[in-house]
Amino acid sequence: MRVTKEMHHKELQSNYAVMKLSSRLLMNRVGVRLLNANSTRAKGKNIEGLQGEEHFIPSRNGGAEIRVRVFKPVNHLTTLPGMLYIHGGGLVLGNPEDYLAIIKNYIDAKPCVIVAPDYRKAFDAPYPAAFNDCYDTLLWMNENANALGIIPDKLIVAGHSAGGGIAAAVTLKATDTQDVKIAFQIPIYPMLDDRQNSESAKDNNSAGWNSRSNKMGWDAYLRDLHVQHKEIPAYAAPARATNYSKLPPAITFVGGLEPFRDETIAYVENLRKANIPVTFRLFEGCYHAFEVIFPTLEISKEAWTFLLTAYSNYIDKYIYSNP
């Protein structure tokens, strides 16, 4: 899908040139390593007005300890919903502290305790490293629910972009194994399909994340499976799942110009065919992560209102109202 400036929402056109330049950093390993070096400076940062903790939890799959950040309202006296939040970054970059604004938005909209793992990135450790780190964090959350002050077996699994893809994979395994009960999932414009053969994923030159950066991320994440000529499992690329009937309700949205548009829509359609409740919206003329990059734009505020309203309603319906 070839994208031009004129195809963008009018509020995003003024930033088009800057975003096109930023795309270059996301197309190669050197650019990604520069971005990761910058992200490292934010590690340990807290959110004003919230309680922030850092824990190192054991890996159950032979990896090193997993660094996790825990954020919660100050001095909360009752148990709250617990959310596993998985940050984005194309499977190759970032850490939880890069997404503090998102974490704060969730907690401000409806109080909860958010646990965010600093999972291994694909250049250093391909699949299943990131997936295992996030799933191990989910298990740790449920086992330590009392200490964390969260409601057990009614967890929320959420993430943006690559984090949304891992969130979908973690949710899939949790429902397959029944290790943990998931109340609902929030995979926002998730990175789901390694085949990249949909109209929106092919030859997409959009600002920010595009086809070239998408291929780089998937190639790094799946390289061991490719070398070994192994079949790609649904826990690596959730678009390969064939049974959606056990999955929990979902909230998601996606931009109309980004590579993940079609795979997000396909995920929504598969959930609905399985009679799973989904709250979804397509934001026409928008590129990847527009609402995170430019949160003060009216179209971005509209996206945030959609997400946080649905999230608040889902907590009431699927956590507080359910026995």
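This talk goes through the salt bridges, the pockets, one surface patch and the cavities of a predicted model.

Some ground rules before the details. The model is predicted, so local features need pLDDT of at least 70 and side-chain atom pairs count only at pLDDT 80 or more, while totals for chains, interfaces and linings use all residues. Residues are numbered from 1 along each chain as its sequence is written, and side-chain values use heavy atoms, with hydrogens and water left out.

Salt bridges come first. By salt bridge I mean a side-chain nitrogen of Lys or Arg within 4 Å of a carboxyl oxygen of Asp or Glu. Side chains of opposite charge can pair when their charged atoms come close. A search of the whole structure finds 19 salt bridges.

Take R67 and E97, whose closest N and O atoms are 2.8 Å apart. R67 sits in strand β2, residues 66–73, and E97 in the loop between β3 (82–86) and α4 (100–109), so this pair ties together parts that are 30 residues apart in sequence. Are R67 and E97 buried or exposed? Both are buried, where buried means under 20% relative accessible area, exposed means over 50%, and partly exposed lies in between, with a 1.4 Å probe and protein chains only.

Two further pairs lie within helices. K104 and D108 form a salt bridge with the closest N and O atoms 3.1 Å apart; both are in α4, four residues apart, about one turn of the helix. K104 is partly exposed at 31% relative accessible area, and D108 is partly exposed at 49%. In helix α12, residues 298–320, E298 and K301 are three residues apart, again about one turn, and their side chains meet at 3.5 Å, N to O. E298 counts as partly exposed at 49%, as does K301 at 40%.

There is also a network: salt bridges that share partners join K43, E54, R67, R69, E97, D118 and K121.

Now the empty space. Rolling a probe the size of a water molecule over the atoms shows where empty space is left. The search uses a 1 Å grid over the protein atoms alone: a cavity is a set of points where a 1.4 Å probe fits but cannot get out, a pocket is an open set with protein on both sides within 12 Å along at least five of seven lines, and lining residues have an atom within 4 Å of a point. Points are joined across faces, edges and corners, and a volume is the space filled by probe spheres set on them.

The largest pocket holds about 750 Å³. It has 30 lining residues, and L93, Y99, A289, V292 and I293 are the closest to its centre. Which helices supply at least two residues each to this lining? They are α2 (16–25), α3 (29–40), α4 and α11 (290–293), with α4 giving the largest share, four residues. By class, the lining has 16 nonpolar, 12 polar and two charged residues. Here Ala, Val, Leu, Ile, Met, Phe, Trp, Tyr, Cys and Pro are nonpolar, Asp, Glu, Lys and Arg are charged, and the others, Gly among them, are polar.

The second largest pocket has a volume of about 260 Å³. Of its 15 lining residues, N36, K43, G94, K121 and D124 are the closest to the centre. This lining divides into four nonpolar, five polar and six charged residues. K43 and K121 also belong to the salt-bridge network.

L34 lies in helix α3 and is exposed at 56% relative accessibility.

Last, the cavities. There are two of 30 Å³ or more. The largest, about 50 Å³, has W218, Y221 and Y235 among its lining residues. Helix α7 (162–177) and helix α8 (211–221) each supply at least two lining residues, and α7 gives the most, with three. The lining has nine nonpolar residues, one polar and no charged.

The second largest cavity, about 30 Å³, is lined by A168, L172, P238, A241, Y244, L247 and Y267. The class count for this lining is seven nonpolar, no polar and no charged. P238 lines the largest cavity too.
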